[in-house]
Amino acid sequence: MKLISHPAFQTASGSPVVRLGQGTWHLGEQHARRTSEIAALQRGIALGLNLIDTAEMYGGGRSEALIGEAIRGTDRASLYLVSKVYPHNAGRANIFKSCEASLKRLGTDYLDLYLLHWRGNVPLAETAACMEELVSRGLIRHWGVSNLDTADMQELAAVPDGAHCVTDQILYHLASRGVEFDLLPWLESHQMTAMAYCPLAQYGDLERGLIGNRGLTAVARRHNASAAQILLAFTLLRDFVIPIPKSSSPEHTEDNAKALEIELTAGDVAELSRDYPAPTSKTWLDIV
Ligand code: NDP
């Protein structure tokens, strides 16, 4: 099992977090899919996928409420719950109310990790100070950011307590590798993790032709694996990167969990890189 070695990525009961999380964007938005979505999350938990990622934005709070329903009956201390605050709520005026509302919807009294969803107008120093206050009040255990590029991370590291940030959640998949040039090396050298969102490129929606790509298909065949599993195995290559694929069915969740057992070879990576090469210069951070 691939585990995260970063000290901030332990559950409250002291168990390590598995390096494949469960994304939840759009979960909880359609009543007809509720049963399958809850079953998907519960299957993931049963398979050891103890990190669940959400945000106050997702479904206007309905994703958090769905997660709350899915985890009722599971020992809270065995899970690692991540939520995100809107940029316009990430200052002293609103962040405490926002965090408390997320906790209520999730049916818990603390978050393991709370992220600034993307950078807005609130100064990073104010957000960092509020995050520290949330930690000292016991409402969150750790904090981080999302969608910040290298220059923003450097700015954050320079504000008081900015270095307490433990992660940057960023778009990263085989067909969007720009972060390999400078952001991933920066995060690694500052002992932070990178949470890889859209690790499946929304199953090809973000990159036409990805799922049927020749190289991806050949590598998948060699490993007797699905295209999704190989895409996840690619993002798992660096041990400080945590992919968080979203699945709405237990079948997809099971398929994705098997990616933790796949070890890509240098030959596999070369074949995957033929059409999706590593960057050779700085590109701006991709976002959705
Ligand atoms: P993903 O790359 O995870 O792709 C999700 C899509 O892949 C869904 O259509 C899903 O279908 C499909 N899928 C999942 N598993 C399989 C499988 N094994 N075989 C075939 N299809 C599969 O996209 P997301 O945008 O959901 O990103 C992942 C998570 O990252 C989000 O849910 C969210 O938690 C986070 N995120 C964070 C952002 C940020 O700004 N910080 C921005 C975007 C995402 P189905 O649902 O039918 O199972």
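A cavity is a set of points on a 1 Å grid over the protein atoms alone where a 1.4 Å probe fits but cannot get out; volumes are the space filled by probe spheres set on the points, which are joined across faces, edges and corners. The model is predicted, so local features need pLDDT of at least 70 and side-chain atom pairs pLDDT 80 or more, while totals for chains, interfaces and linings use all residues. Numbering runs from 1 along each chain as its sequence is written, and side-chain values use heavy atoms, without hydrogens or water.

**Stop two: the pocket.** Next, pick Trp-25, His-26, Cys-198, Gln-202 and Lys-246, which lie nearest the centre of the largest pocket among its 36 lining residues. A pocket is an open set with protein on both sides within 12 Å along at least five of seven lines. This one holds about 850 Å³ of space, and its lining splits into 14 nonpolar, 14 polar and eight charged residues.

**Stop three: the ligand.** Where does the ligand sit? In the largest pocket, meaning more than half of its atoms lie within 2 Å of the grid points. Of the 28 residues around the ligand, show Asp-53, Ser-146, Gln-202, Ser-248 and His-252, the ones that come nearest (a heavy atom within 4 Å counts as near). Helix α9, residues 250–257, gives the largest share of this shell, three residues (helices are DSSP runs of H or I, at least four residues, numbered from the N terminus).

Now zoom in on N or O pairs (polar contacts are within 3.5 Å). The Ser-146 side chain has such an atom 2.8 Å from a ligand nitrogen. Ligand oxygens lie 2.5 Å from one in the Ser-248 side chain and 2.6 Å from one in that of His-252. The protein covers 89% of the 900 Å² of accessible area the ligand has on its own (Shrake-Rupley method, 1.4 Å probe).

Notes. A polar contact is a pair of N or O atoms within 3.5 Å; within protein, one must be able to donate a hydrogen and the other to accept it, and residues adjacent in sequence count only if both atoms are side-chain atoms. On a 1 Å grid over the protein atoms alone, a cavity is a set of points where a 1.4 Å probe fits but cannot get out, and a pocket is an open set with protein on both sides within 12 Å along at least five of seven lines; lining residues have an atom within 4 Å of a point. Helices (H or I, at least four residues) and strands (E, at least two) are DSSP runs, numbered from the N terminus. Ala, Val, Leu, Ile, Met, Phe, Trp, Tyr, Cys and Pro count as nonpolar, Asp, Glu, Lys and Arg as charged, and the others, Gly among them, as polar.
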